[in-house]
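This report covers salt bridges, strand pairing and nonpolar cores, in that order.

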Amino acid sequence: MALVEVKVPDIGDFDEVAVIELMVKVGDTVKVEQSLITVESDKASMEIPSSTAGVVKELRVKLGDKVKEGSVVLMVEASGDAAVAPAAADAAPAVASASAAAAPVLVAAASSANGPIEVHVPDIGDFKDVAVIEIFVKPGDAIKMEQSLITVESDKAAMEIPSSAAGVLKELKVKIGDKVNIGDLLAILEGSIAAATTAVTSASAALSVASPASVSTPAVAPALSTAVLSAPAHNPGAATLGLPHASPSVRKFARELGVPLEEVKGNGPKGRITQDDVQAFTKSVMAGATQTKAQAAKAPAGGDGAALGLIPWPKIDFAKFGPIERKEMGRIKKISGANLLRNAIMIPAVTNHDDADITELEAFRVATNKENEKSGVKVTMLAFLIKACVAALKKYPEFNSSLDGDALVYKNYWHIGFAADTPNGLMVPVIKDADKKGILQISQEMGELAKKARDGKLSPAEMTGATFTISSLGGIGGKYFTPIINAPEVAILGVCKSTHEPVWDGKQFVPRLMLPLSLTWDHRVIDGAAAARFNAYLGQILGDFRRVLL
């Protein structure tokens, strides 16, 4: 029996793709077209089948290796009746004919760019009813040429489908779990497809699975036609020698977070790992509910909290004491809980409590609302607090800084976050450049952001970038509390409900409206004297708001 080299076939216009999965080992008996390895480009992952039947005698690649057309994958001791998979050259006529047919349709699509632009599923090979497992965009997004829109998955490969035109996404025609085929309508864009016309001349020369060049015309994928399309599905339940199944974008996301993908349980179709799975794993590790294998190897025995030298968390069967009901926490609470735990443990926080006399300011607020009834903008005390905090932050800039190793980063912008209570949990929208906005503009923006928070429509950009946060319980009650700093900020202001109290004016007790303030600060950055001065100055501004002009 002869030793036969099994090489990487024509995988299209991909060069030096990474090996991300090994499906066989030395000694295994392989069949013709049985999957041997999985390779991954920036846009698609695909399985490479064997061109010969026999026994694996030597593996020539390992995880992480870069391979290309002609690279030797392994050595097989071929059996006597070994068959050979169809050569890639057989696909050439089909490629040429499809390319020739594509050109006139491309031109037609480009010439009809005045109306809405339809983006269709391009030619993804001999696949039928492939499942949509990821969606990267939403209506309103600005889409670039060849920007990935969705990920689809067959039995043998996952691939990202890019846009063949540029514009604004008006309507998405698919959802997670839908089955799509060549020519199905994916999305409707509004904008220009000028970029698409430039792709006409190169469409037949640069055909690939992940980069279709037309709006409604299929682009042939020789890579999959030889390496994947004819290969039988391997047993999904069988043990593999590499990483679990995930799309290229999810693998990249996991690498950026440092997540060991092999330890993440996939909840997508056929056990595929999704971005939500990676995020959930990360939050679980941060909350201490899960340990990675690397953490477990380093941490001393003793259960949860052992790495911090703590005794194990108590395990109690609550049902033995009486009826119970178990409810899973919402996603927002899980995410915020992990952040709060980290911040509470890592930041040496101290809280100063004080009171501010807001009698005149409240009267001014009420009068302002009466004067602006027709505008529909309601001014709240929180809007004045935001403006007052900006003035205090400018006077005491260390409160507007962040720790970066042994250095402090002083920010010359003032973005103020405010905690918003929503049905789904606490969210913190951010008023950007609060120093440049008036009370009415801040009030209007707060109302819009608070509504988005309640409706669950806040974007990540609207919740990031804060330099200081205010947590107000004014409408509920209470006197003082200790808010947890929102890292990487170094301070947070807690505000409770104002009450009328007797205050000595030097001659007699008079009723004054007092606002309780609770300032929590990071003792690594701020000392007690600075915190006392900040609170005192903030109280002076709230007592006489003309000070913000100084």
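## Exposure and charged pairs

A residue is called buried when its relative accessible area is under 20%, exposed when that area is over 50%, and partly exposed in between. The model discussed here is predicted, and its salt bridges come to a count of 19. Side chains of opposite charge can pair when their charged atoms come close.

One of these bridges joins arginine 60 to glutamate 58, with 3.1 Å between the closest N and O atoms. Because its relative accessible area is 39%, arginine 60 is classed as partly exposed, and glutamate 58, at 36% relative accessibility, is likewise counted as partly exposed. Another bridge brings together the side chains of lysine 138 and aspartate 141, at 3.3 Å from N to O; lysine 138 has a relative accessible area of 52% and is therefore exposed.

## A bridge between strands and a charged network

The side chains of lysine 170 and glutamate 190 also meet in a salt bridge, with an N to O distance of 3.9 Å. This pair links distant parts of the chain, since lysine 170 belongs to strand S14 (residues 167-172) and glutamate 190 to strand S16 (residues 185-190), the two being 20 residues apart. Lysine 170 is partly exposed, with a relative accessible area of 46%, and glutamate 190 is partly exposed as well, at 49%.

Elsewhere, salt bridges connect Asp357, Glu360 and Arg512 into a network.

Four bridges pair S9 with S16 in the antiparallel sense, and glutamate 118 has isoleucine 188 in S16 as its bridge partner.

## A covered strand

Strand S5 (residues 44-49) is mostly covered, six of its six residues being buried. Ala44, Met46 and Ile48 point one way from S5, whereas Ser45, Glu47 and Pro49 point the other way, and all are buried. Strand S4 (residues 35-40) runs antiparallel to S5 and is joined to S5 by five bridges, with serine 35 standing opposite proline 49.

In soluble globular proteins, nonpolar side chains tend to be buried together. The largest nonpolar core of this model has 53 residues, and those with the most contacts inside it are Phe399, Phe468, Ile470, Leu493 and Leu542. The elements that each supply at least two residues of this core include helix H9 (381-395), helix H10 (439-454), strand S27 (509-522) and helix H11 (528-543), and H9 gives the most, with 12 residues.

Leaving aside residues up to four places away in sequence, leucine 542 touches Ala356, Asp357, Ile358, Leu361, Leu385, Ala388, Leu515 and Leu517. A second, separate core has 41 residues, among them Val39, Met159, Ala165 and Leu186.

Technical notes. Residues are numbered from 1 along each chain as its sequence is written. This is a predicted model: local features need pLDDT of at least 70, side-chain atom pairs count only at pLDDT 80 or more; totals for chains, interfaces and linings use all residues. Side-chain values use heavy atoms; hydrogens and water are left out. A salt bridge is a side-chain nitrogen of Lys or Arg within 4 Å of a carboxyl oxygen of Asp or Glu. Buried means under 20% relative accessible area, exposed over 50%, partly exposed in between (1.4 Å probe, protein chains only). Two strands pair if DSSP finds at least two bridges between them. A nonpolar core is a set of buried Ala, Val, Leu, Ile, Met, Phe, Trp, Tyr and Cys residues joined through side-chain atoms within 4.5 Å. Contact means heavy atoms within 4.5 Å.
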